[in-house]
Structures are given as structure tokens and as C-alpha cells.
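Trainee: I would like to learn how the terms applied to a structure follow from its values. May we go through them one by one?

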Amino acid sequence: MSQRLPPEHALVPWLVEWAGEVVRKFHLKENGRTAYEDTTGHRVKHWVVGFGERVQFRLATDNVQNKYEGGWSEGIFLGVVARPSEYLVIKGDEVYKCLTVRRKAEGEAYTPECLKDARADDFEYVKRGASTSKVVTYK
């Protein structure tokens with residue numbers, strides 16, 4: 001992300017949580033292993049996506065015939081749900097968790113205008129818990 005978020009931006013709590021996950025999963029300790037590897041016995045199995053990166057995502061409940069092309073939406077990457085390794089993606093005022101994301105080309109991955117539309121903070125997500133499709137709607 002090439003821009004600074006103001007402290008009151010809705011994505012700041014998500015950024016703090018993702019920063020902790022990055023340190024836990026990717027920072028090598030003196031023994032050459034990460035804290036995640038010490039806890040689980042294996043390396044991280046999900047893709048690494050940059051915070052605030054524009055991605056295409058598909059919900060687990062989408063049922064389409066052509067699985068490569070159908071049912072894709074565009075959103076902003078927020079983080080990963082630790083246990084099932086599902087991705088958290090925000091689209092406007094809705095937060096989704098999904099099993100599949102596709103990264104954009106490097107020139108399209110980060111745009112300043114995409115962060116303007118992100119309005120969901122993590123309070124309602126934490127309060128309500130997660131579901132298999134849309135997690136939170138803010139109106």
C-alpha cells in the first residue's frame with residue numbers, strides 16, 4: 001500500500017490485526033522457524049496477499065458451472081481467518097470470508113480510490129462472528 005491511512009479510517013483495526021499475523025507467521029526467530037511453525041509444526045499454507053490489495057474473490061457458496069470464470073467479485077484484502085485459512089475481503093460496507101482469491105496484476109493491485117469505499121470496521125465482525133458467505137453488512 002503506497003498511501004497512509006488516517007488513524008480514524010475503518011481499516012486501521014484490520015491493519016493492526018494483520019500486522020500481528022504477519023509477524024507471527026513470517027518473522028524468523030533465531031532457530032530459523034516462525035512462531036506459527038513452532039505452534040503448528042508446519043509452515044503457512046495460504047497465499048501471502050498484501051494488506052489493502054485489490055483481489056478477486058469467490059464465496060464458498062457460489063455454485064457455477066465454469067468454476068474458473070463465474071462468480072468472481074472484486075474487493076480489498078483484509079487478512080486471514082486463522083483456523084480454516086479463509087481470506088477476509090471487504091467490498092464497500094460488507095465483509096466476506098472466502099476460500100479463494102485471485103491477485104490482480106501489480107499495476108492494478110493498489111489504487112487510492114479503492115480504500116475510499118471501504119467502510120466496515122472490525123467491531124461488528126468480532127461482535128457477530130463469521131459466517132460462510134457475507135460476514136457483516138454496515139448501512
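Trainee: What percentage of the 139 residues in the chain do buried residues make up?

Mentor: Buried residues make up 41% of the 139 residues. Buried means a relative accessible area under 20%, exposed means over 50%, and partly exposed lies in between, with a 1.4 Å probe and protein chains only. This is a predicted model, in which local features need pLDDT of at least 70 and side-chain atom pairs count only at pLDDT 80 or more, while totals for chains, interfaces and linings use all residues. Residues are numbered from 1 along each chain as its sequence is written, and side-chain values use heavy atoms, with hydrogens and water left out.

Trainee: What secondary structure does the chain have?

Mentor: The chain has five helices and six strands, in the order α-α-β-β-β-β-β-α-α-α-β along the sequence. Both kinds of element are DSSP runs numbered from the N terminus, helices (H or I) having at least four residues and strands (E) at least two.

Trainee: Why is Glu-37 called buried?

Mentor: Its relative accessible area is 9%, and buried means under 20%, so the word applies. Glu-37 lies in helix H2, residues 35-40. Leaving aside residues up to four places away in sequence, Glu-37 touches His-42 and Arg-43, where contact means heavy atoms within 4.5 Å.

Trainee: Why is Glu-17 called partly exposed?

Mentor: Glu-17 has a relative accessible area of 41%. Glu-17 belongs to helix H1, residues 12-26.

Trainee: Which residues touch the most other members of the largest nonpolar core?

Mentor: They are Leu-11, Leu-78, Ile-90 and Val-101, in a core of 25 residues. H1 and the strands S1 (54-58), S2 (73-81), S3 (86-91) and S4 (94-98) each supply at least two residues of this core, and the largest share, five residues, comes from S2. A nonpolar core is a set of buried Ala, Val, Leu, Ile, Met, Phe, Trp, Tyr and Cys residues joined through side-chain atoms within 4.5 Å. In soluble globular proteins, nonpolar side chains tend to be buried together. Apart from residues up to four places away in sequence, Leu-11 touches several residues, including Phe-51, Leu-78 and Ile-90.

Trainee: What makes the pair of Trp-18 and Phe-77 edge-to-face?

Mentor: The structure holds three aromatic pairs. In this one, the ring centres are 5.2 Å apart and the planes stand at 85 degrees, so the pair is edge-to-face. Rings of Phe, Tyr and Trp (its six-membered ring) pair if their centres lie within 6.5 Å; planes under 30 degrees apart count as stacked, over 60 as edge-to-face and the rest as tilted. Trp-18 is in helix H1 and Phe-77 in strand S2, so the pair ties together parts that are 59 residues apart in sequence. Trp-18 is buried at 7% relative accessible area, and Phe-77 is buried at 0%.

Trainee: Why is the aromatic pair of Phe-57 and Tyr-96 called tilted?

Mentor: Its planes are 40 degrees apart, with 5.3 Å centre to centre. Phe-57 lies in strand S1 and Tyr-96 in strand S4, so the pair ties together parts that are 39 residues apart in sequence. Both residues are buried.

Trainee: How do you know that Arg-54 forms a salt bridge with Glu-74?

Mentor: Their closest N and O atoms are 2.6 Å apart. A salt bridge is a side-chain nitrogen of Lys or Arg within 4 Å of a carboxyl oxygen of Asp or Glu, so this pair qualifies. Arg-54 lies in strand S1 and Glu-74 in strand S2, so the pair ties together parts that are 20 residues apart in sequence. Arg-54 counts as buried at 16% relative accessibility, whereas Glu-74 counts as partly exposed at 32%.

Trainee: How many salt bridges does the structure hold?

Mentor: The structure holds nine. One of them joins the side chains of Glu-21 and Lys-25 at 3.0 Å, N to O. Both residues lie in helix H1, four residues apart, about one turn of the helix.

Trainee: What makes the charged end of Arg-102 sit over the ring of Trp-72?

Mentor: The charged end of Arg-102 is 4.0 Å from the ring centre. The term requires NZ of Lys or CZ of Arg within 6 Å of the ring centre and within 35 degrees of the ring normal.
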